[in-house]
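Subject: Structure handover

Hello,

Here is the structure I said I would pass on. My notes on it follow below.

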Amino acid sequence: MEKVVLDGKVAVLVSPGFGAGWSTWNYQYPEMLFDPKIVAMLETEQSDEAIVAYCETKYPEGYFGGVDDLEIVWLPVGTYFRVHEYDGSESLEIKDEINWEVA
């Protein structure tokens, strides 16, 4: 899977706003979590419409309602994480920061 790596960190795309998730609502396209073209479009402040137009071409069965809150989170290369979603609001859970219970 292609990723943007800069200064030892990987760009991860998440949509923290309520209403629609980004990668969690597009589980059939796991590469949307890291898509380098979308990262570049966000960094150059391209419009939501431009991002959606690109996504409609690359991910024809996707849902792009979370684009208006889409942001880049930079994680150190090799970080174990998962995307947590509640009512469309996505956040990242970092493995080393979670206190696991043991039965």
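**Ile38 and its surroundings**

Leaving out residues up to four places away in sequence, Ile38 touches Leu13, Trp22, Ile51, Tyr54, Cys55, Tyr59 and Leu70, where contact means heavy atoms within 4.5 Å. This is a predicted model, in which local features need pLDDT of at least 70 and side-chain atom pairs count only at pLDDT 80 or more, while totals for chains, interfaces and linings use all residues. Residues are numbered from 1 along each chain as its sequence is written, and side-chain values use heavy atoms, with hydrogens and water left out.

Ile38 lies in helix α1; helices (H or I, at least four residues) and strands (E, at least two) are DSSP runs, numbered from the N terminus. Ile38 has a relative accessible area of 0% and is therefore buried. The cut-offs are under 20% relative accessible area for buried, over 50% for exposed, and partly exposed in between (1.4 Å probe, protein chains only). From the C-alpha atom of Ile38 to that of Glu93, 55 residues apart along the chain, the separation is 22 Å.

**Helix α1**

The buried residues in α1 include Ile38, Val39, Met41 and Leu42. They sit on the same side of α1 because they cover an arc of only 165° around the axis, the arc being that of the directions from the helix axis to the C-beta atoms. Among the elements that cover the buried residues of α1 are β2, α2 and β3 (71-76). At the start of α1, a side-chain oxygen of Asp35 comes to within 2.8 Å of the backbone nitrogen of Lys37. After α1 comes Glu45, with a positive phi near 55°.

Gln46 is in the loop between α1 and α2. Its relative accessibility is 38%, so Gln46 counts as partly exposed. Gln46 touches Met41 and Ile51, again not counting residues up to four places away in sequence.

**Cores**

A nonpolar core here is a set of buried Ala, Val, Leu, Ile, Met, Phe, Trp, Tyr and Cys residues joined through side-chain atoms within 4.5 Å. The largest has 17 residues, of which Trp22, Ile38 and Cys55 touch the most other members. Two or more residues of this core come from each of β2 (9-14), α1 (36-43) and α2 (48-58). Cys55 touches Trp22, Ile38, Pro60 and Phe64, not counting residues up to four places away in sequence. A second, separate core has seven residues, including Val12, Val14, Phe34 and Ile94.

Regards

Note on methods
Polar contact = N/O pair within 3.5 Å; in protein donor to acceptor, adjacent residues only side chain to side chain.
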